[in-house]
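Please look over the strands and the nonpolar residues of the chain shown here. A short briefing comes after it.

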Amino acid sequence: MTSAAFIALLALAFTIGSFWWLNARQGRLRAFEPHTFAGAFSRNISIRIPLVLFNDGAKPIVVQDLRMRLLDQPDMLFPLPWRNTRNRFMPGKGDLRDLPSVFVVEGRKATELIIDFGTPFKEFDIDLREQRVEIEARLGHQDDWMPLLNFVLHLENVTEPDIYIAYSNSDEAINPGDQAAIDRHLRALVDDLSPQGSTEDESGSKQS
């Protein structure tokens with residue numbers, strides 16, 4: 001083989017490979033840990049997660065279903081199913097919902113969904129503590145469920161389990177009880193640092 005023919009073959013291989021990479025490569029679906037979550041945990045279990053999915057390949061990926069596992073919940077015999085999709089993260093008036101449905105993540109694009117996982121009935125008491133969570137997906141080009149995202153859900157931040165409200169998913173979040181104690185300490189500190197026995201006359205100047 002001459003050098004010219006070899007270079008031509010390399011150019012052809014590069015062209016075919018580039019075309020496959022840019023237009024035909026089956027990519028991987030990636031997801032990212034949420035900063036917040038919402039939920040109610042007394043009458044039934046409902047956990048709302050803002051989920052961002054990114055397809056790093058060229059071909060579209062069809063997502064048929066989603067579900068959530070609480071890996072540190074010993075009495076959880078089955079995962080929490082995808083109950084509905086919300087139109088916004090913050091629970092409240094006008095928070096519309098839709099039934100689960102198949103959707104597509106286009107190649108090299110991201111899709112944001114606000115997903116409610118849970119059950120319509122109370123089958124177990126969930127432990128409101130730090131828990132490892134795994135979100136699984138069933139994709140159109142695969143037969144089995146696949147792990148999509150594994151992260152820590154900070155359920156210890158839940159202060160009102162009867163009310164469907166939002167919480168931080170940070171391990172440094174301050175609950176209302178601790179915040180009230182901090183406020184009291186700050187007010188006491190300010191009182192200790194302020195001048196004692198001083199008054200102000202009508203003009204605003206201080207007099208002892």
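Predicted model: local features only at pLDDT ≥ 70, side-chain atom pairs only at ≥ 80, totals over all residues.

Residues are numbered from 1 along each chain as its sequence is written, and side-chain values use heavy atoms, without hydrogens and water.

**Core**
- The largest nonpolar core has 36 residues. Such a core is a set of buried Ala, Val, Leu, Ile, Met, Phe, Trp, Tyr and Cys residues joined through side-chain atoms within 4.5 Å. Buried means under 20% relative accessible area, exposed over 50%, partly exposed in between (1.4 Å probe, protein chains only).
- Leu 66 and Phe 117 are among the residues with the most contacts inside this core.
- Leaving aside neighbours within four places in sequence, Leu 66 is in contact (heavy atoms within 4.5 Å) with residues including Leu 51, Trp 82, Phe 117 and Trp 145.

**Strand E4 and its partners**
- Strands are DSSP runs of at least two residues, numbered from the N terminus. Two of them pair if DSSP finds at least two bridges between them.
- E4 and E9 run antiparallel, joined by seven bridges. Arg 69 stands opposite Glu 134 in E9.
- E4 and E7 pair in the antiparallel sense over three bridges. Here Val 63 stands opposite Phe 103.
- E4 and E5 are antiparallel too, with two bridges. Pro 81 in E5 is the bridge partner of Arg 67.

**Surface**
- Val 62 is found in strand E4. Its relative accessible area is 32%, so Val 62 is partly exposed.

Terms used:
Helix = DSSP H or I, 4+ residues; strand = E, 2+ residues; numbered from the N terminus.
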